[in-house]
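Please examine the sequence and the model shown below.

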Amino acid sequence: MKQRLAASYAISLLVIFLVVLNAPASTLINSVGTGTLRNDYNGTVGYEFTVGSTPLYVSELGYFDNNNDGLNTAHNVGLWNSFGELVATATVSAGTGATLSGGFRWATLATPLALPANATYRVGALVNTSGDYWRNIGG
C-alpha cells in the first residue's frame with residue numbers, strides 16, 4: 001500500500017518537508033507544524049528521522065506551500081542516508097504546476113526508493129529569501 005508522508009521536519013533551527021510514499025496513496029504525516037514562519041535564510045534546512053519497523057518506499061519529495069498559491073521559486077529537496085550520501089533528489093517547480101496535497105507541492109522521484117526498517121535518514125530542502133516560507137521549529 002502506498003502511503004504519502006509529508007512531513008515538516010526540523011534540523012537544529014528549521015523545518016522542512018519531504019514525502020515518502022509507500023504503496024496506494026494515503027498520507028502518513030501531513031501536518032506543517034506550528035513553528036515560526038520564516039523566509040530569511042539561504043541554505044538547506046531539514047530533519048533527521050528513523051524509519052519504523054516497517055520499510056517505506058519514497059516516490060515523491062515535497063515543499064511547503066504556505067498559502068497553497070504556488071511557489072515563487074523552484075526548490076531542490078533531497079534525502080541523505082546516515083553516511084551523508086544523497087540517495088534521492090527532486091526539484092519542486094515554481095508556480096502552481098506541481099501537485100498540491102496537504103499544503104505541500106510535490107515532485108516525483110525518477111525511481112522510487114526503498115527505506116529499510118530502522119534506518120536513519122535526513123530530509124532537506126534548499127531554501128532562500130524568495131518569499132517561499134518554511135517553519136522554524138525549536139530554533
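## Aromatic pairs

The model contains 4 aromatic pairs. Rings of Phe, Tyr and Trp (its six-membered ring) are taken as a pair if their centres lie within 6.5 Å; planes under 30 degrees apart count as stacked, over 60 as edge-to-face and the rest as tilted. Tyr41 is partly exposed, with a relative accessible area of 29%, while Trp134 is buried at 0% relative accessibility. Here buried means under 20% relative accessible area, exposed over 50% and partly exposed in between, with a 1.4 Å probe and protein chains only.

Phe104 and Trp106 form a tilted pair, 5.6 Å centre to centre and with 35 degrees between the planes. Both Phe104 and Trp106 are buried. Ring pairs also join Phe64, Phe104 and Trp106 into a cluster.

## A sheet of three strands

An open sheet is built from 3 strands in the order β6-β10-β9, with antiparallel pairing. Because β6 (56-64) and β9 (99-101) stand at the edges, each with a single partner strand, one side of each is left without a neighbour in the sheet. Neighbouring strands of this sheet are turned by 55 degrees against each other on average, direction ignored; the axes are lines fitted to C-alpha atoms, and angles run from 0 to 180 degrees between N-to-C directions.

Strand β6 is joined to strand β10 (residues 104-115) by 8 bridges. Two strands count as paired if DSSP finds at least two bridges between them. Within this pairing, Phe64 stands opposite Phe104 in β10.

## The chain as a whole

The protein chain has 0 helices and 12 strands; strands are DSSP runs (E, at least two residues) and helices are runs of H or I, at least four residues, numbered from the N terminus. Of its 139 residues, 46% count as buried. Among contacts (heavy atoms within 4.5 Å) between residues at least 6 apart in sequence, 74% join residues at least 24 apart.

## Basis of the values

This is a predicted model, in which local features need pLDDT of at least 70 and side-chain atom pairs count only at pLDDT 80 or more, while totals for chains, interfaces and linings use all residues. Residues are numbered from 1 along each chain as its sequence is written, and side-chain values use heavy atoms, with hydrogens and water left out.
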